[in-house]
Amino acid sequence: MHKFKCTICNISVKVTSKHTRIMCAACSSEMVLQPKTFKGGQIISLRHLHKVTQSSLAESLGISAGYLSKIETNLAPLTDVLIEKLGEMFKVAI
Ligand SMILES: [Zn+2]
């Protein structure tokens, strides 16, 4: 079980990880749950393919090399903003 905040009314709803769609009890709006994205291996592959170093990719993404290292070793999830930036940089869907 984890908590998910309704994007419409900002009320926390408890959901089980099995559900990908939930309905807010307060405003009845349906939301699609975004599971945390761990794509470390894919980022390392893309980086090697494009011959980009970890520190220069981190700089391009506006994050620290330490944080990128955590993402690449799946210790930190990718955020929507980073997914978008990586998609633009490498012209791929992450
Ligand atoms: Zn709601």
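**Starting at the end of a helix**

This is a predicted model. Select L61 to begin: this leucine belongs to helix α2, which spans residues 54-61. Is L61 buried, partly exposed or exposed? L61 counts as partly exposed, because 17 other C-beta atoms lie within 10 Å, and the buried class needs 20 or more.

Now show what surrounds L61. Leaving aside residues up to four places away in sequence, L61 touches L68, L82 and K85.

**Across to the next helix**

Next, display α2 together with helix α3, residues 65-72. The two pack at an angle of about 105 degrees, and their axes are 8 Å apart. That angle makes α2 roughly perpendicular to α3. To see the contact itself, select Q54, S55, L57, A58 and L61 on α2, then A65, L68 and S69 on α3. Colour the selection by class and you will find five nonpolar residues, three polar ones and no charged ones.

**Into the core**

For the last stop, select I43, L57, L68, I71, L78, L82 and L86. These seven residues form the largest nonpolar core. Which elements give two or more residues to this core? They are α3 and α4, the latter covering 80-90.

How values were computed
Residues numbered from 1 in each chain as written. Predicted model: local features only at pLDDT ≥ 70, side-chain atom pairs only at ≥ 80, totals over all residues. Helix = DSSP H or I, 4+ residues; strand = E, 2+ residues; numbered from the N terminus. Buried ≥ 20, exposed ≤ 12 C-beta atoms within 10 Å, placed from the backbone. Contact = placed C-beta atoms within 7 Å. Axes fitted to C-alpha atoms, helices over the stretch in contact; angles between N-to-C directions. Parallel < 35°, antiparallel > 145°, perpendicular 65-115°, else oblique. Nonpolar A, V, L, I, M, F, W, Y, C, P; charged D, E, K, R; others polar. Core = buried A, V, L, I, M, F, W, Y, C linked by C-beta atoms within 7 Å.
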